[in-house]
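Here are my notes for your first look at this model. Please keep the 3D view open and follow along point by point.

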Amino acid sequence: MINSLSGAAAFDPNDMPWEVTHDDGTKSATLIGSRAPGEMFSYAFFIPAGVYDGPHSHSAPAHLHVAAGTLRLGYGPVLEPGAARSYPSGSFLYVPAGAVHFDGADVDTVIVGTATGPWSTEYL
């Protein structure tokens, strides 16, 4: 929630202002900033238990924090959930631009990331 008097912002992983719910049950929201070119922004992403995203890369590096649950993340062009490492709540990850990876969760998970626009996701 953004405090209109101070401009400060704080978000609880259990009460995110989700903007989009995708067909697979994932949810996303831009929390602060803009995804416009050259602009820094922070976003939240919810991954329901059992959902995995196929191999993809992003146009910009992402700094990620696991806010709730456990993120499963692996690298490479093939979706192999068994090869993904587990990152519990409180973990920090850096995913370079162009790094082909896949991710998912075995429990409901919320990640919060920061990147610079323009932001795009390219699936293999």
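The points below go from the sheet to single residues and ring pairs.

1. Ground rules. This is a predicted model, where local features need pLDDT of at least 70, side-chain atom pairs count only at pLDDT 80 or more, and totals for chains, interfaces and linings use all residues. Residues are numbered from 1 along each chain as its sequence is written, and side-chain values use heavy atoms, with hydrogens and water left out.

2. The open sheet. Six strands form it, in the order E1-E2-E3-E10-E5-E8, with antiparallel pairing. Strands (E, at least two residues) and helices (H or I, at least four) are DSSP runs, numbered from the N terminus. Two strands pair if DSSP finds at least two bridges between them. Strand E1 (20-21) and strand E8 (92-95) stand at the edges. Each has a single partner strand, so one side of each is left without a neighbour in the sheet.

3. Strand E5 (residues 62-68) runs antiparallel to E8, and four bridges join them. Look for Ala62: it stands opposite Val95 in E8.

4. E9 covers residues 101-104. His101 and Asp103 point one way, Phe102 and Gly104 the other way, and all are buried. Buried means under 20% relative accessible area, exposed over 50%, and partly exposed in between (1.4 Å probe, protein chains only). Strand E4 (residues 52-58) pairs with E9 over three antiparallel bridges. Strand E6 (residues 70-75) also pairs with E9 in the antiparallel sense, over four bridges. Find Asp103 here: it is the bridge partner of Asp53, and Leu73 stands opposite Asp103 as well.

5. Ser28. Is this residue buried or exposed? Ser28 counts as buried because its relative accessibility is 15%. Its place is in strand E2 (residues 27-33). The Ser28 side chain makes a polar contact with the side chain of His22, at 3.2 Å. A polar contact is a pair of N or O atoms within 3.5 Å; within protein, one must be able to donate a hydrogen and the other to accept it, and residues adjacent in sequence count only if both atoms are side-chain atoms. Setting aside residues up to four places away in sequence, Ser28 touches Trp18, Glu19, Val20, His22, Ala44 and Phe45. Contact means heavy atoms within 4.5 Å.

6. Aromatic pairs. A search of the whole structure finds four. Rings of Phe, Tyr and Trp (its six-membered ring) pair if their centres lie within 6.5 Å; planes under 30 degrees apart count as stacked, over 60 as edge-to-face and the rest as tilted. Tyr43 and Trp119 form a tilted pair, 5.6 Å centre to centre with 40 degrees between the planes. Ring pairs link Phe41, Tyr43 and Trp119 into a cluster. Tyr43 counts as buried because its relative accessibility is 8%.

7. Gly50. This residue lies in the loop between E3 and E4. Gly50 is exposed, with a relative accessible area of 55%. Leaving aside neighbours within four places in sequence, Gly50 is in contact with Ala105 and Asp106.
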